Amino acid sequence: MGDRFTYTGSGGRDLRGTKSNPKNLRTAPQSSDQTLTRANLALSLNCTNRRPVRVIRGYKCHSRFAPEHGYRYDGLYTVEKVWQALGMSGFMVYKYALKRCPDQPTLPALDGDFDIEFSEQQLEDDGGDVQLITSSQSTTE
């Protein structure tokens with residue numbers, strides 16, 4: 001368990017904000033289709049060239065595998081599949097199926113019951129709590 005998850009891509013949100021309503025990366029509504037640029041392009045290339053990505057999981061992720069607080073390095077994952085889907089707000093988003101690479105330490109898991117069935121909107125809103133470091137990004141930054 002915890003060795004597979006779906007990540008929703010980035011972009012498609014107007015992040016300019018205003019003085020009375022400053023930008024907020026977490027709550028800005030989807031206002032356009034996501035494009036295959038920057039992080040979305042990098043993840044798609046990782047699917048093609050089979051290079052693994054490093055996953056950082058955050059405490060706001062609704063999973064028993066999320067840390068209780070802060071962020072945690074969860075190891076290497078391969079991008080198994082990339083596709084576009086219609087998001088809850090009516091704009092196209094990129095989706096990525098990730099699978100944990102073998103021969104890594106077991107993921108720590110919290111005890112208790114967790115409702116891991118979420119709507120697509122919740123996945124889009126909460127997807128920012130899993131950070132993917134693609135092969136084209138430095139892992140020492």
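**The core and the rings around it**

The largest nonpolar core of this predicted model has 13 residues, and those with the most contacts inside it are Val53, Tyr77, Val79, Tyr96 and Leu98. A nonpolar core is a set of buried Ala, Val, Leu, Ile, Met, Phe, Trp, Tyr and Cys residues joined through side-chain atoms within 4.5 Å. Buried means under 20% relative accessible area, exposed over 50%, and partly exposed in between (1.4 Å probe, protein chains only). At least two residues of this core are supplied by each of strand 1, helix 1, strand 2 (53-58), strand 3 and strand 4. The largest share, three residues, comes from strand 4. Helices (H or I, at least four residues) and strands (E, at least two) are DSSP runs, numbered from the N terminus.

Residues are numbered from 1 along each chain as its sequence is written.

Next come the aromatic rings. Rings of Phe, Tyr and Trp (its six-membered ring) pair if their centres lie within 6.5 Å; planes under 30 degrees apart count as stacked, over 60 as edge-to-face and the rest as tilted. By this rule there are three aromatic pairs. One of them joins Phe5 and Tyr77 edge-to-face, with 5.4 Å centre to centre and 70° between the planes. Phe5 lies in strand 1 and Tyr77 in strand 3 (residues 71-86), so this pair ties together parts that are 72 residues apart in sequence. Both Phe5 and Tyr77 are buried. Another pair, Tyr7 with Tyr96, is tilted, at 6.3 Å centre to centre and 40° between the planes. Tyr7 belongs to strand 1 and Tyr96 to strand 4 (residues 92-100), 89 residues apart. Tyr7 is buried at a relative accessible area of 13%, and Tyr96 is buried at 0%.

Tyr77 also touches other parts of the chain. Not counting residues up to four places away in sequence, its contacts (heavy atoms within 4.5 Å) include Val53, Val55, Arg57 and Leu98.

Charged side chains can also face a ring. A charge sits over a ring if NZ of Lys or CZ of Arg is within 6 Å of the ring centre and within 35 degrees of the ring normal. Arg57 lies over the face of Phe5, at 5.6 Å from the ring centre. Lys81 lies over the face of Trp83, at 4.9 Å from the ring centre.

Definitions and conventions:
Predicted model: local features only at pLDDT ≥ 70, side-chain atom pairs only at ≥ 80, totals over all residues. Heavy atoms only, no water.
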